[in-house]
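Please keep the sequence and the model in view while reading.

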Amino acid sequence: GYLHTVALKSDGSVLAWGSNANGQTTVPAGAQSGVTAIAAGYWHTVALKSDGSVLAWGRNDLGQSTVPAGAQSGVTAIAAGYLHTVALKSDGSVLAWGYNYDGQTTVPAGAQSGVTAIAAGAQHTVALKSDGSVLAWGRNSEGQTTVPAGAQRGVTAIAAGGYHTVALKSNGAVLAWGANWYGQTTVPAGAQSGV
């Protein structure tokens, strides 16, 4: 997270430390066992349970920690953005909730089926489709949701930074787009194959 750290133990329990100004490091009883994945937002924490349900705690002023009914079962992956939360369902659909000023929780039709992975940036959301294409929506101030031609097929993994997006191609090359203030989207020669 922004000012906190989260760890998942091998026994399925969650540890969290750092700033607790919004309760983001106060792990609830439900996250003390049976957790399979974790994500840290700016001021909130999210956990995926082995039964496919999602738990979220910490700051909730924009609903980012209020888990909707659809994410209380059948979830296979989670991600946390600045002030929003994302879940991938077993049927390949995406759910998103919380801050929606830039449309980051308005899931497009293309992400309502066939999604295999998700990622959340500060104010944007990214999905990898089963056909190897990438979808991105939400804030596009730095081009972080403008998917380049090279990421419209052959992608095997995705990640999202604050204002940039990253994709791994099946040929081992990395693509990155969006904010490049510190060179984060200028892919070096060493990451153009073998990744």
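## Terms and basis of the model

Helices (H or I, at least four residues) and strands (E, at least two) are DSSP runs, numbered from the N terminus. Two strands pair if DSSP finds at least two bridges between them. Strands of a sheet pair through backbone hydrogen bonds, either parallel or antiparallel.

The model is predicted: local features need pLDDT of at least 70, side-chain atom pairs count only at pLDDT 80 or more, and totals for chains, interfaces and linings use all residues. Residues are numbered from 1 along each chain as its sequence is written, and side-chain values use heavy atoms, with hydrogens and water left out.

An open sheet is formed by 3 strands in the order 3-4-5, with antiparallel pairing. Strand 3 (35-40) and strand 5 (54-58) are the edge strands, and each pairs on one side only. On average, neighbouring strands of this sheet are turned by 20° against each other, direction ignored; for such angles, axes are lines fitted to C-alpha atoms, for helices over the stretch in contact, and angles run from 0 to 180 degrees between N-to-C directions.

Strand 4 (residues 44-49) pairs with strand 5 over 5 bridges in the antiparallel sense. Within this pairing, His 44 has Gly 58 of strand 5 as its bridge partner.

## Two hairpins

Strand 7 (residues 84-89) and strand 8 (residues 94-98) run antiparallel and are joined by 5 bridges. His 84 has Gly 98 of strand 8 as its bridge partner. The two strands form a hairpin with 4 residues between them, and Gly 92 in the turn has a positive phi of about 85°.

Strand 9 (residues 115-120) and strand 10 (residues 124-129) also run antiparallel, joined by 5 bridges. Here the bridge partner of Val 115 is Lys 129 in strand 10. Strands 9 and 10 form a hairpin with 3 residues between them.

Another open sheet contains 3 strands in the order 12-13-14, and its pairing is antiparallel. Strand 12 (155-160) and strand 14 stand at the edges with a single partner strand each, so one side of each is left without a neighbour in the sheet. Neighbouring strands here are turned by 20° against each other on average, direction ignored.

Strand 13 (residues 164-169) and strand 14 run antiparallel and are joined by 5 bridges. In strand 14, Gly 178 is the bridge partner of His 164. Pro 188 lies in the segment after strand 14 (174-178).

## The salt bridge

A salt bridge is a side-chain nitrogen of Lys or Arg within 4 Å of a carboxyl oxygen of Asp or Glu. By this rule the count is 1 salt bridge. Arg 59 pairs with Asp 61 in a salt bridge, and their closest N and O atoms are 2.8 Å apart.

Arg 59 counts as partly exposed at 23% relative accessibility, and Asp 61 is partly exposed with a relative accessible area of 46%. Pro 188 is exposed, with a relative accessible area of 51%.

On a 1 Å grid over the protein atoms alone, a cavity is a set of points where a 1.4 Å probe fits but cannot get out, and a pocket is an open set with protein on both sides within 12 Å along at least five of seven lines; lining residues have an atom within 4 Å of a point. Grid points are joined across faces, edges and corners, and a volume is the space filled by probe spheres set on the points. The largest pocket holds about 220 Å³ of space. It is lined by 16 residues, of which Tyr 42, Gly 81, Tyr 82, Ala 122 and Gly 162 are the closest to its centre.

How values were computed:
Buried < 20%, exposed > 50% of the residue type's maximum accessible area, 1.4 Å probe, protein only.
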